[in-house]
Amino acid sequence: MSDHQEANSVANNIKKARKSMMLSQAELAERLHVSRQTVSNWECGVSVPDVKSLEMMQDIFKVSVQDLLGQNLENGNKALQQSKEDIPYSQEAIHELISMNAFYASEIKRLQEREQKVRKWTIICVAVLLLIYVLVKIYFRPSIIRIHPVIEETFVISTDLEKGGN
């Protein structure tokens, strides 16, 4: 079974199990301590749950991890009564899940690092723009002229001359 087919199988099994328990994605997410978007990503095959989440789903759905990873849940909880030998590709499915989980974890880390860099540069740019704004306000502030009487007299004389006065 290819990675894509296996991910879809996991996605379909999670969705079927959730619906059979009459849970919304948000309710399942709350029980698993993840976001609703994470559950949606699992059900769409965008990502796969980690081992801890699979173990928690096993308790919630009353199915084995092997069922979630590879067996069809059409027949409800019958798979629980089957022996481990009857469950095909369970070890293979677990290894595939681990490799897929590692891939998605590295992608998440890469995206988080990129987001952190963007956030850092955004803060730096905003700080520089704020500093420029403050410096411009201070430089062009008319009240600075009134601080020194000599500058104020010069300013008054020069404005009188510009108006045509003596």
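Q: Why is Arg110 called partly exposed in this predicted model?
A: Arg110 has 43% relative accessibility. Partly exposed covers what lies between under 20% for buried and over 50% for exposed, so Arg110 counts as partly exposed.

Q: What makes Arg110 and Glu107 a salt bridge?
A: The closest N and O atoms of Arg110 and Glu107 are 3.0 Å apart. The cut-off is within 4 Å, so the pair counts as a salt bridge. Both residues lie in helix α6, three residues apart, or about one turn of the helix. Glu107 is partly exposed at 26% relative accessibility.

Q: How do you know that Arg119 and Glu115 form a salt bridge?
A: Their closest N and O atoms are 2.6 Å apart, and the rule asks for within 4 Å. Arg119 and Glu115 are four residues apart in helix α6, so about one helical turn separates them. Arg119 is partly exposed with a relative accessible area of 45%, and Glu115 is partly exposed with 44%.

Q: Why is Arg18 called buried?
A: Arg18 has a relative accessible area of 7%. Buried means under 20%, so Arg18 is buried.

Q: Which residue forms a salt bridge with Arg18, and how far apart are the closest N and O atoms?
A: The partner is Glu43, with the closest N and O atoms 2.5 Å apart. This pair links distant parts of the chain, with Arg18 in helix α1 (residues 3-20) and Glu43 in helix α3 (residues 36-44), 25 residues apart. Glu43 has 8% relative accessibility and, because buried means under 20%, counts as buried.

Q: Why is the pair of Phe103 and Tyr104 called edge-to-face?
A: One aromatic pair is counted. The ring centres of Phe103 and Tyr104 are 5.3 Å apart, with the planes at 65°. Centres within 6.5 Å make a pair and planes over 60 degrees apart make it edge-to-face, so both conditions hold. Phe103 is partly exposed, with a relative accessible area of 46%, and Tyr104 is partly exposed at 23% relative accessibility.

Q: What makes Leu129 exposed?
A: Leu129 has a relative accessible area of 57%. Exposed means over 50%, so Leu129 is exposed. Leu129 lies in helix α6 (residues 90-139) and is one of the residues in a nonpolar surface patch, among them Trp121, Ile132 and Phe140. Together the patch residues have about 880 Å² of accessible area.

Definitions and conventions
Residues are numbered from 1 along each chain as its sequence is written. This is a predicted model: local features need pLDDT of at least 70, side-chain atom pairs count only at pLDDT 80 or more; totals for chains, interfaces and linings use all residues. Side-chain values use heavy atoms; hydrogens and water are left out. Patches are made of residues with over 30% relative accessible area and no salt bridge: like charges are joined within 9 Å, nonpolar side chains (Val, Leu, Ile, Met, Phe, Trp, Tyr) within 5 Å. Accessible areas come from the Shrake-Rupley method with a 1.4 Å probe; for residues, only the protein chains shown count as cover. A salt bridge is a side-chain nitrogen of Lys or Arg within 4 Å of a carboxyl oxygen of Asp or Glu. Helices (H or I, at least four residues) and strands (E, at least two) are DSSP runs, numbered from the N terminus. Buried means under 20% relative accessible area, exposed over 50%, partly exposed in between (1.4 Å probe, protein chains only). Rings of Phe, Tyr and Trp (its six-membered ring) pair if their centres lie within 6.5 Å; planes under 30 degrees apart count as stacked, over 60 as edge-to-face and the rest as tilted.
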